[in-house]
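Please open the model in a viewer and keep the sequence panel beside it.

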Amino acid sequence: MSEPRTEHLTADQRAALEAELAELEGPKRKAAVQAIKTAREFGDLSENFEYHAAKNEQGLLEARIRTLRERLNHAVTVEHDTDDHVGVGSIVGIADEGGDEMEVEISAVGGVSPDSPLGAETSTTSPTAAPSNAEPSGSWKARVLAIRRG
């Protein structure tokens, strides 16, 4: 079995994961148990679609809970305190070769992962640098316009 990967999270990102975990372990888990109980009352379990669907939902719920617990157990909370370089929690303004601009957040929780090609490339650059990004559809170049804390 491989070593668990350390994940860097800002305090807000950690709080978001903890809130999701609390919701899943509390009301969502109770609702799943109630759905199974209700479905059992419909009779023969071998042909009871509602029962099998409720059990499947419970399995998905428990898998997500395990994933969140594992992530939180191996996460390190970081504070990005500068706009001089890109880090977890940075919001990066970039422009591609065509001049199209976008803002991306470097985040392990909803955003551009620091481990993704774009996240890794921007983390080694500074404003005015030109990261290039290889994608399955081909590579493209972009320019970092600005870095700010999220």
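**First selection: Arg14**

Select Arg14, which is placed in helix H1; helices here are DSSP runs of H or I with at least four residues, strands are runs of E with at least two, and both are numbered from the N terminus. The model is a predicted one, in which local features need pLDDT of at least 70 and side-chain atom pairs count only at pLDDT 80 or more, while totals for chains, interfaces and linings use all residues. Residues are numbered from 1 along each chain as its sequence is written, and side-chain values use heavy atoms, with hydrogens and water left out.

Arg14 is buried, at a relative accessible area of 18%; buried means under 20% relative accessible area, exposed over 50%, and partly exposed in between, with a 1.4 Å probe and protein chains only. Display its surroundings: setting aside neighbours within four places in sequence, Arg14 is in contact with Leu9, Leu72, Ala75, Val76 and Thr77, contact meaning heavy atoms within 4.5 Å.

Glu18 and Arg14 form a salt bridge whose closest N and O atoms are 4.0 Å apart; the term denotes a side-chain nitrogen of Lys or Arg within 4 Å of a carboxyl oxygen of Asp or Glu. The two residues are four places apart in helix H1 (residues 11–40), a separation of about one helical turn.

How many salt bridges does a search of the whole structure find? The search finds five. Select Glu62 and Arg29, whose side chains meet in one at 2.8 Å, N to O. Glu62 belongs to helix H2 and Arg29 to helix H1, so this pair ties together parts that are 33 residues apart in sequence. Both ends are partly exposed: Glu62 has a relative accessible area of 21%, and Arg29 is at 26%.

Next, select Glu7 and Arg71. Here the closest N and O atoms of the salt bridge are 2.5 Å apart. Distant parts of the chain are linked in this case, as Glu7 is in strand E1 (residues 7–9) and Arg71 in helix H2 (residues 49–73), 64 residues apart. Glu7 is buried, with a relative accessible area of 7%. Beyond residues up to four places away in sequence, Arg71 touches Glu7, Leu17, Ala108 and Val109.

At the start of the helix, a side-chain oxygen of Asn48 comes within 3.2 Å of the backbone nitrogen of Glu50.

Which residues of H2 are buried? They are Tyr51, Ala54, Leu61, Ile65, Leu68, Arg71 and Leu72. The cover over these buried residues includes E1, H1 and strand E2 (75–77).

Select Val86, Val92, Ile94, Val104, Ile106, Val112, Leu118, Trp140, Ala142, Val144 and Ile147, the 11 residues of the largest nonpolar core. Such a core is a set of buried Ala, Val, Leu, Ile, Met, Phe, Trp, Tyr and Cys residues joined through side-chain atoms within 4.5 Å. Strand E3 (90–96) and strand E6 (138–149) are the elements that give it two or more residues, and E6 gives the most, with four. Another core, of 10 residues, lies apart from this one and includes Leu9, Leu17, Leu72 and Ala75.

Move to Gly110, in the loop between strand E4 (101–105) and helix H3 (117–123). Gly110 is exposed, at 64% relative accessibility.

**Final view: the whole chain**

Clear the selection and colour by secondary structure. The protein has three helices and six strands, arranged along the sequence as β-α-α-β-β-β-α-β-β. Of its 150 residues, 32% count as buried. Among contacts between residues at least 6 apart in sequence, 56% join residues at least 24 apart.

Terms used. A polar contact is a pair of N or O atoms within 3.5 Å; within protein, one must be able to donate a hydrogen and the other to accept it, and residues adjacent in sequence count only if both atoms are side-chain atoms.
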